[in-house]
Amino acid sequence: FLLREIEGTMQRARELKPADRERLGRLSERLSHPDSLAQMLQALEEASALPPTDELAQLFAELKPSALVVLLEFTDRTVNVALKPLLEVAADRLAQSNTAELVKLIKAPKASVARQAIRRAGSMKAAAAVPALGELLTGGAERDIRAATVAALDHHDLLRHRRASARQLYHVAQPQHRQHLVPEHEHIAP
């Protein structure tokens, strides 16, 4: 609500100095800063009631790419059933419009952020993410990260077409993902 009002005021106020106009225009950038956004999301997580859904959606629509890491982290850990879908939509929007940032977050040190980035890369079928996903499989990532990576690559349907990769991935995948790693006519012994 506040960002929308500021934007309207900036359009109407002709006497606003350029420096003030620029400072007000950067408010969404400041809100997108990881520390500021984390504080706001934590307050929303702990609130007994959320602001109206449409207002939160509008607020999240103003977030900049720097907010993606915090959105992914909070999406993974929130227990607030009303907040989670709003975070999901905001994270999806930022991920789709900022693939380079998403690819960078695939290798995030926080497992929760990496898992969410991997999941989104798979569901988006982000071709730019495939090399980073491949590195996770061969680079000694934790088992849950490798499993998420196999599932993401399965979204790309790449695993069925790469026999050599399938053999390598078969041995690091969790059993429920193994059937996706090998074409039906081949069998790889465990």
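How are α5 and α7 oriented relative to each other, roughly parallel or roughly perpendicular? In this predicted model, the two helices pack at an angle of about 25°, with their axes 10 Å apart, and because angles under 35 degrees count as roughly parallel, α5 and α7 are described as roughly parallel to each other. Their crossing is right-handed. On the α5 side the contact is made by Thr 53, Leu 56, Ala 57, Phe 60 and Ala 61, and on the α7 side by Leu 86, Leu 87, Ala 90 and Arg 93. Sorted by class, the residues of this contact are seven nonpolar, one polar and one charged.

**The chain as a whole**

The chain contains 13 helices and zero strands, so a reading of its elements from the N terminus gives α-α-α-α-α-α-α-α-α-α-α-α-α. Of its 190 residues, 42% count as buried. The chain exposes about 10,700 Å², and carbon and sulfur atoms supply 54% of that area. When contacts with a separation of 6 or more are considered, residues 24 or more positions apart account for 58% of them.

The table sets the pair from the opening beside two others.

| Helix pair | Angle | Axes apart |
|---|---|---|
| α5 and α7 | about 25° | 10 Å |
| α4 and α6 | about 25° | 10 Å |
| α7 and α9 | about 65° | 11 Å |

Helix α4, which covers residues 34-46, and helix α6, which covers residues 68-77, pack at an angle of about 25°, and that makes α4 roughly parallel to α6. The crossing in which α4 passes α6 is right-handed. Pro 34, Leu 37, Ala 38, Leu 41 and Gln 42 of α4 make the contact together with Val 70, Leu 71, Phe 74 and Arg 77 of α6. By class, this contact has seven nonpolar, one polar and one charged residues.

Glu 88, Ala 91, Asp 92, Ala 95 and Gln 96 in α7 meet Arg 119, Arg 120 and Met 124 in α9. Divided by class, the contact of α7 with α9 has three nonpolar, one polar and four charged residues.

How many of the ten residues of α6 are buried? Seven of them are, so α6 is largely enclosed by the rest of the structure. The buried residues are Leu 68, Val 70, Leu 71, Leu 72, Glu 73, Phe 74 and Thr 75, and what covers them includes α4, α7, α8 (residues 99-105) and α9.

Ala 67 is found in the loop between α5 (residues 53-61) and α6. With a relative accessible area of 0%, Ala 67 is buried, because a residue counts as buried when its value is under 20%. Ala 67 and His 33 are 34 residues apart in sequence, yet 6.3 Å apart in space, C-alpha to C-alpha. Leaving aside its neighbours within four places in sequence, Ala 67 is in contact with Ser 32, Leu 37 and Leu 94. Leu 37 was named above as one of the residues of α4 in the contact with α6.

**A buried and an exposed residue**

Ile 118 has its place in helix α9, and its relative accessible area of 0% makes this residue buried. Not counting residues up to four places away in sequence, Ile 118 touches Ile 106, Leu 133, Leu 136, Ile 145, Ala 148, Thr 149 and Ala 152. Between Ile 118 and Arg 146 there are 28 residues of separation in sequence and 9.7 Å in space, C-alpha to C-alpha.

Is Lys 125 buried or exposed? Lys 125 lies in the loop between α9 and α10 (residues 130-138), and its relative accessible area of 52% means that Lys 125 is exposed, since the cut-off for that class is over 50%. Its phi is near 55°, a positive value in a residue other than glycine.

Definitions and conventions
Residues numbered from 1 in each chain as written. Predicted model: local features only at pLDDT ≥ 70, side-chain atom pairs only at ≥ 80, totals over all residues. Heavy atoms only, no water. Axes fitted to C-alpha atoms, helices over the stretch in contact; angles between N-to-C directions. Helix = DSSP H or I, 4+ residues; strand = E, 2+ residues; numbered from the N terminus. Parallel < 35°, antiparallel > 145°, perpendicular 65-115°, else oblique. Left-handed = near helix turned anticlockwise from the far one by under 90°. Contact = heavy atoms within 4.5 Å. Nonpolar A, V, L, I, M, F, W, Y, C, P; charged D, E, K, R; others polar. Buried < 20%, exposed > 50% of the residue type's maximum accessible area, 1.4 Å probe, protein only. Areas by Shrake-Rupley, 256 points an atom, 1.4 Å probe, with all protein chains shown as cover.
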